[in-house]
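Student: I would like to learn how to read a structure like this one, feature by feature. Could you take me through it slowly?

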Amino acid sequence: MSRKSRKTGRRFGCSVSPKRYPKIPLWCKNCIAETGVQSFHGTWHFLYTQPNQEVSFNLGVSLNIDLVRKQIPVTSRRAYFDNAGTGPPSIPVLNAINEFMADWREYGENWEEWLPLIIESRRQFGRMIGGVPLDEIASVPNVTSALISLASSINYKPRGNIVISELNFPTNIYLWHLQKKHGRAKDVRLLHRDNNGTIPLEQWEKAIDDDTSIVSVDYVSWTNGCREKIREITKIAHEHGAFVIADSFHALGVFPIDARQDGVDALVCGMYKWMQGPHGAAYVYTKRDRMKELDPNYIGWHGVQDSVARRLTSQQDLFGKPFNIEETIPAPDATMFEGGSWGVISIVGAKAALEFALKHDQTERSHRVLKVTAHLIEGLKKKGRKILTPLQSDRRSGIVVFEDPDPGATYEKLKKLNITVASRVKALRASPHYYNTEEEIDKLLAAL
Ligand SMILES: Cc1ncc(COP(=O)(O)O)c(C=O)c1O
């Protein structure tokens with residue numbers, strides 16, 4: 001499968017060899033080590049904190065949290081509870097980005113070597129959502145663009161409706177109101193939470209009917225941490241022939257996800273939160289048997305049948321023949337959503353983040369998240385704090401939102417103590433991850 005790069009003489013292929021970026025030359029490592037980044041607060045951080053440290057994980061064996069924490073630099077300085085905002089990178093992610101920078105600096109353009117990385121990152125994402133095949137995955141810049149691509153490709157039922165939840169992230173609401181404005185839907189049915197902070201299944205049942213074109217729902221709500229009953233909602237939607245889109249941004253990396261078992265027609269996810277990857281990388285999964293119903297209104301040169309990435313996978317020269325500009329033939333797979341050039345610097349980080357997450361059993365990670373958040377909830381209750389997150393065990397996630405009389409001030413106070421949470425309207429949002437400890441939670445509780 002491997003071919004020789006015309007530019008560098010190195011061999012490359014569709015599956016990335018671990019030797020592809022062998023070792024960065026010493027000069028390069030040194031200069032990376034000397035390159036600090038100055039944060040907004042005037043503090044200098046050094047990216048290559050532990051360049052030579054090899055930490056082996058025990059695949060399939062219990063998570064060793066001490067080892068994991070050694071690979072996540074922020075844990076040595078901060079009790080970090082804002083994974084629902086931006087997840088902190090692991091050392092492999094930082095190293096992958098640094099290696100890319102070294103390659104870019106050395107060779108300039110190097111698509112022959114970068115394209116296999118993009119393809120490999122899609123494959124890793126497929127593994128992360130339950131072993132979905134490569135042709136059902138596309139690599140896109142962010143969740144918003146993924147949702148827009150889907151919205152502009154779906155076959156809308158004439159005078160149909162769209163069912164969404166107020167617990168969705170705003171993008172996954174704004175977009176659908178516009179479809180009504182532009183005549184693709186007669187009605188947008190926005191479901192509202194009850195006093196428990198949940199949307200009972202009966203509400204979905206009532207709202208979805210034979211005229212429903214699309215049901216779009218977040219696996220876990222960004223705003224109150226409510227975990228949705230995705231399989232049940234999907235079943236209801238499919239009984240009425242609706243297309244189901246699920247945003248798994250606050251679920252992937254926290255809970256094991258099996259897209260095919262969940263039955264969703266499309267799943268979107270970004271990398272920069274619970275997956276601890278960089279901004280600028282996200283993925284779309286589209287179920288193969290619904291793909292033929294999709295007909296993009298907008299497309300770019302990476303979304304067509306004869307794209308450079310598809311040329312690479314079929315062992316053709318990337319620019320060896322002209323592009324067919326007489327007609328537009330969308331790719332017959334999920335890559336129809338890949339518009340323009342990828343942010344390779346983000347994708348190499350995303351790929352490393354996916355590999356890092358895949359080292360561990362996802363169920364075990366989820367048990368840890370639920371254990372740590374349970375500890376936080378108990379402590380908040382003891383302090384008499386009002387918790388806005390649904391507390392039923394099947395609705396809980398990594399997000400805990402609780403009222404605070406002055407969230408801005410509390411946020412600042414915690415920040416000075418090296419504790420990171422997010423400040424929200426009259427509330428604080430803490431989103432601990434599997435790498436957090438109960439001792440860190442105690443530190444937060446003591447500071448509140
Ligand atoms: C659930 C959810 N979906 C989508 C987004 C926006 O993603 P992006 O910035 O990648 O478009 C967010 C951002 O916080 C989110 O929480």
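**A buried residue in a loop**

Tutor: Let us begin with Phe-337, which counts as buried because 31 other C-beta atoms lie within 10 Å, where 20 or more are enough for that class. Please keep in mind throughout that this is a predicted model.

Student: In which part of the chain does Phe-337 lie, and which residues is Phe-337 in contact with beyond its neighbours within four places in sequence?

Tutor: Phe-337 belongs to the loop between helix 11 (308-313) and helix 12 (344-358). Leaving aside the neighbours within four places in sequence, Phe-337 is in contact with Ala-138, Val-140, Ala-146, Ser-149, Val-284 and Gly-303. Sequence separation and distance in space should be read side by side: Phe-337 and Ser-153 are 184 residues apart in sequence, yet their C-alpha atoms are 9.2 Å apart in space.

Student: How should I read the packing of helix 3 and helix 12, and at what angle do they pack?

Tutor: One looks at the distance between the axes and at the angle between them, and here the axes of helix 3 (residues 91-107) and helix 12 are 8 Å apart, at an angle of about 150 degrees. Since an angle over 145 degrees counts as roughly antiparallel, helix 3 and helix 12 are therefore roughly antiparallel to each other. The crossing in which helix 3 passes helix 12 is right-handed.

Student: Which residues of helix 3 and helix 12 meet?

Tutor: From helix 3 come Pro-92, Val-93, Ala-96, Ile-97 and Phe-100, and they meet residues of helix 12 including Val-344, Ile-345, Val-348, Lys-351 and Glu-355. Sorted by class, this contact of helix 3 with helix 12 has eleven nonpolar, one polar and two charged residues.

Student: At what angle do the axes of helix 13 and helix 15 cross?

Tutor: The axes of helix 13 (residues 362-382) and helix 15 (residues 438-447) cross at roughly 25 degrees and come within 9 Å. That angle makes helix 13 roughly parallel to helix 15. Helix 13, too, passes its partner, helix 15, in a right-handed crossing. Val-372, His-375, Leu-376 and Gly-379 in helix 13 meet Glu-438, Ile-441 and Leu-445 in helix 15, and by class this contact has four nonpolar, two polar and one charged residues.

**Backbone angles and confidence**

Student: What is the phi of Arg-159, and is Arg-159 buried or exposed?

Tutor: Arg-159 has a phi near 50 degrees, a positive value in a residue other than glycine. Arg-159 is found in the loop between helix 5 and strand 7 (161-165), and counts as exposed because 12 C-beta neighbours lie inside 10 Å.

Student: Over which residues is the pLDDT below 50?

Tutor: The protein chain averages a pLDDT of 89, and 86% of the residues score at least 70. Over residues 11-61, however, the pLDDT is below 50, although this stretch has 60 contacts in the model beyond near neighbours in sequence. Where pLDDT is low, the predicted coordinates should not be read in detail.

Note on methods:
Residues numbered from 1 in each chain as written. Predicted model: local features only at pLDDT ≥ 70, side-chain atom pairs only at ≥ 80, totals over all residues. Helix = DSSP H or I, 4+ residues; strand = E, 2+ residues; numbered from the N terminus. Contact = placed C-beta atoms within 7 Å. Axes fitted to C-alpha atoms, helices over the stretch in contact; angles between N-to-C directions. Parallel < 35°, antiparallel > 145°, perpendicular 65-115°, else oblique. Left-handed = near helix turned anticlockwise from the far one by under 90°. Nonpolar A, V, L, I, M, F, W, Y, C, P; charged D, E, K, R; others polar. pLDDT = per-residue confidence, 0-100.
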